[in-house]
Protein chains: 2
Amino acid sequence: MKIGELSKTTGCSIQTIRYYEKEGLLSTPERTEGNYRLYGERALKELEFIKHCRSLDIPLIDVKRLIELKNKPEESCASVNALIEQQLSLVNKRMRELKALKAELQQMVSSCTTENTVEACGIIKSLDS
Amino acid sequence: MKIGELSKTTGCSIQTIRYYEKEGLLSTPERTEGNYRLYGERALKELEFIKHCRSLDIPLIDVKRLIELKNKPEESCASVNALIEQQLSLVNKRMRELKALKAELQQMVSSCTTENTVEACGIIKSLDS
DNA sequence: ACTTGACTCTATAGTCACTATAGACTTTAT
DNA sequence: ATAAAGTCTATAGTGACTATAGAGTCAAGT
Ligand SMILES: [Zn+2]
Ligand SMILES: [Zn+2]
Ligand SMILES: [Zn+2]
Ligand SMILES: [Zn+2]
């Protein structure tokens with residue numbers, strides 16, 4: 001499988017696949033005579049793993065750590081758990097922030113009748129204070 | 001007031017203030033004989049406006065538009081409203097995404113006893129599928 | 001008068017996770 | 001044989017900053 005097919009199969013762009021390789025997240029692929037990258041089942045699984053992590057907003061540096069841990073199957077999984085719990089607490093933090101943003105934005109929208117001039121607009125007044 | 005004082009008063013870093021100026025969000029300040037930036041009440045208000053917008057996660061390009069609209073006080077505020085509503089819908093979208101992330105992360109954490117090896121870890125299994 | 005230290009100046013590079021080019025090379029289809 | 005599609009490397013751009021280098025400015029203390 002060449003890079004284009006891997007890209008279509010996984011939904012990752014070709015540039016992203018090459019970027020993951022450069023960052024050491026994907027193992028170095030074989031090459032054809034013409035220097036094209038060649039992938040197999042293994043690369044597909046590696047890439048799906050990365051995609052799953054990224055869909056959970058786990059930063060690449062942590063994905064890399066997870067891959068390293070995955071390759072030490074006999075060790076304790078405590079650090080896997082710690083990493084995911086940290087990610088969870090980040091998500092919780094961001095949710096609380098967004099909740100506050102939402103409340104303030106909603107109040108702003110409700111203070112604007114759209115029939116005002118900018119000068120009299122409740123939104124601009126809010127932002128100014 | 002020199003840039004250091006403005007920075008302390010507003011909580012914006014000195015580099016950020018200079019960055020906002022370069023991006024055209026803050027009006028060009030006067031300079032002392034020694035080429036130091038000099039700010040007054042007006043700059044303080046401009047910067048507070050930007051800070052308030054940024055605390056709502058409004059991107060700088062939209063902050064710039066809001067500033068332009070603010071300087072046309074006689075026009076209709078419809079586009080102000082549109083901009084804030086768009087920001088609100090972005091926040092809502094992100095909240096829905098984070099809710100899904102949170103659910104999956106929580107399920108992962110609950111599938112890990114920390115007493116496992118990496119090989120048997122429920123988190124790694126989730127990420128692998 | 002001189003030095004120290006705090007402050008400021010510009011210009012440049014780094015962050016993160018990609019995306020988008022440019023210009024060259026390889027392969028496939030007509 | 002030629003054209004089109006795919007791939008290669010290297011480089012630059014994104015957003016909103018942060019961090020640094022190296023030079024200049026200014027006030028206080030000796
Ligand atoms: Zn999932
Ligand atoms: Zn309004
Ligand atoms: Zn506010
Ligand atoms: Zn576990």
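Here come a few ground rules, then the stops.

This is a predicted model, where local features need pLDDT of at least 70, side-chain atom pairs count only at pLDDT 80 or more, and totals for chains, interfaces and linings use all residues. Residues are numbered from 1 along each chain as its sequence is written, chains are lettered from A and ligands numbered from 1 in the order in which they are written, and side-chain values use heavy atoms, with hydrogens and water left out.

**Stop one: the two chains.** Superpose chain A on chain B: a turn of 180° and a shift of 0.0 Å along the axis give an RMSD of 0.0 Å (least squares on the C-alpha atoms of residues with pLDDT of at least 70 in both). That's a two-fold axis relation. Now pick A:M95, whose C-alpha is the one in chain A nearest the axis, at 3.2 Å. Both copies use the same surface, as 100% of chain A's contact residues recur in chain B (contact: heavy atoms within 4.5 Å).

Donors are N, O and S atoms within 2.8 Å of the metal (3.2 Å for Na, K and Ca); water is not among the atoms, so sites may look incomplete. A:H52 is buried at 15% relative accessible area, while B:E104 is partly exposed at 31% (buried is under 20%, exposed over 50%, partly exposed in between; 1.4 Å probe, protein chains only).

**Stop three: ligand 2.** Which atoms coordinate this zinc ion? Look for the SG atoms of A:C112, A:C121 and B:C77, at 2.2 to 2.3 Å. A:C121 and B:C77 are both buried.
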